[in-house]
Amino acid sequence: MVKIKIDGVEYEVDEKKNLIDATKEVGVEIPYFCYHPALSIVGMCRMCLIEIEGVPRLQAACNTPVKEGMGIVTKSDRVIEARAGTMEFLLANHPLDCPVCDKAGECRLQDNAFGSGSGHSRFEFDKRNIPQEEIGTNLIINHNRCIVCYRCVRFEEEKVGESNLGLFERGNHSIIGLAKSEPIDHNYQGALADICPVGALLNNKTLFKSRVWWYKSHKSVCHGCSTGCNVTTNVRDNKMYRYMVRENYDQGMFFLCDKGRFDLDWMNENRLHSYLEAGNPSTSKEVLSKIADRMKAAKSIVVLGGAHESNETLESLKKGFELISRELGGKSIQWESRVIEAQNKDTEQVDFLLTKDNHPNTKGAVDLGITTTSGISGIISAVKSGVIDLVIVLKESIPEGIDPSKVIVFDTNLTDAAKNASLAAPIQIFAESAGSFTNKTGLKQNFEQSMNPIKGLESSAGVVNLIFQKLTEKVEASVGNR
């Protein structure tokens with residue numbers, strides 16, 4: 001930590017950070033467009049100009065390291081005039097179509113125009129008009145809104161490892177465009193739209209779906225794989241509309257892959273809201289009673305899955321199954337949370353964020369001891385041989401080779417597993433309660449409740465508790481009149 005003066009006030013800041021991040025930590029905002037903490041510094045936008053004591057010319061804050069005893073001025077007349085001039089140039093050709101732009105409400109151009117702009121433009125000529133293009137399988141570019149900050153080009157080259165985009169032409173004719181004949185088809189098209197500070201890059205999947213101020217937002221963790229990227233959920237009318245990146249400087253989390261970002265439809269559609277018997281709707285009373293009877297009659301029981309559940313739900317489930325085991329006279333109830341090959345290996349990356357393990361809480365389940373020595377292959381063999389005659393599957397597919405008539409499924413959606421199993425119970429999705437996931441590195445991260453479950457819909461732990469109640473309920477003998 002070093003001491004510097006910002007607008008005449010002395011602060012203690014982190015010397016490892018540049019001026020934009022260091023001043024932000026102490027509550028002083030320096031406007032910018034092209035800077036990003038996880039990308040290389042280019043100083044293209046000239047929005048972050050500041051005065052440094054002893055230096056005659058204005059300097060770009062993004063490219064200025066922090067030094068002991070330095071003094072900077074962020075609000076002088078020279079700085080204000082320079083930023084207003086930058087904004088005037090950036091807005092000269094900008095269409096000012098905020099009412100129809102999807103970025104409105106979370107646009108850095110809007111913020112900086114209000115915070116640093118002059119309020120009027122002296123540009124009296126026709127604005128340039130370049131047709132909008134589809135440059136990816138889920139990405140469009142509006143050239144008229146682009147301010148040539150170069151963020152998208154740097155992100156692709158430095159993080160994705162591809163060079164699909166480039167800067168073409170010169171001066172007033174400069175545009176960002178495809179450097180290849182094929183459209184962009186990688187797993188980070190959503191991230192490209194995210195890091196664009198204006199409405200130039202947008203995703204087709206979310207285009208014109210909702211205004212940002214209609215959302216209720218909550219802090220959450222992406223469910224797509226074991227990386228555990230930090231996200232902000234955007235919910236409207238109790239439906240999940242978007243995942244947006246929630247930057248975590250301490251953990252170096254600044255981006256989100258498309259697999260996690262757009263895998264949201266299952267939260268809103270095809271939900272399982274009724275108990276099933278042989279794929280047909282039934283009542284909770286009948287299905288829970290039959291599950292209890294099946295557990296009483298079974299020689300041995302195994303539970304498969306659970307790595308989609310929060311740590312808190314897993315702890316409750318573990319206690320619930322232990323209570324059931326004791327109630328059934330110590331009957332064996334094994335539990336294996338690792339149902340795919342990737343869960344049994346050290347982390348394997350698909351790309352710089354996405355892993356092959358599509359479960360958000362494998363590490364949490366393993367840490368809780370929800371594993372077996374034989375693994376999933378040994379369990380399948382035991383089921384085939386008849387040693388295990390009842391299988392409970394928690395939000396997973398029924399493993400190949402296991403007779404569905406021996407299976408009871410707990411699921412959030414009307415999946416093939418729920419339809420084919422002998423009995424199925426509906427459960428809440430993780431976003432319908434608060435909890436935590438443990439990611440691939442062992443980092444435990446909390447998430448908030450984003451959605452409200454329908455009345456009567458239980459968590460998987462709640463269903464196990466209902467089964468336990470069925471096992472322990474006493475049937476009173478009816479006494480008639482004599």
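Trainee: Which strands form a hairpin with 2 residues between them?

Mentor: S6 and S7 do, with 2 residues between them. Strands (E, at least two residues) and helices (H or I, at least four) are DSSP runs, numbered from the N terminus. This is a predicted model, where local features need pLDDT of at least 70, side-chain atom pairs count only at pLDDT 80 or more, and totals for chains, interfaces and linings use all residues. Residues are numbered from 1 along each chain as its sequence is written, and side-chain values use heavy atoms, leaving out hydrogens and water.

Trainee: In what sense do S6 and S7 pair?

Mentor: Two strands pair if DSSP finds at least two bridges between them. Here S6 (residues 133-136) and S7 (residues 139-141) run antiparallel over 3 bridges, with Ile140 in S7 as the bridge partner of Glu134.

Trainee: How many strands form the open sheet, and in what order?

Mentor: There are 7, ordered S15-S14-S20-S19-S18-S16-S17, with mixed pairing. S15 (280-282) and S17 (333-336) are at the edges with a single partner strand each, so one side of each has no neighbour in the sheet. From one strand to the next, the twist averages 20 degrees. Within this order, S18 (residues 390-394) and S19 (residues 407-411) are parallel over 4 bridges, and Val391 stands opposite Val407 in S19.

Trainee: Which helix lies across S19?

Mentor: Angles run from 0 to 180 degrees between N-to-C directions, with axes fitted to C-alpha atoms, for helices over the stretch in contact; contact means heavy atoms within 4.5 Å. H13 (residues 460-472) lies across S14 (275-277), S19 and S20 (423-426), at about 135 degrees to S19.
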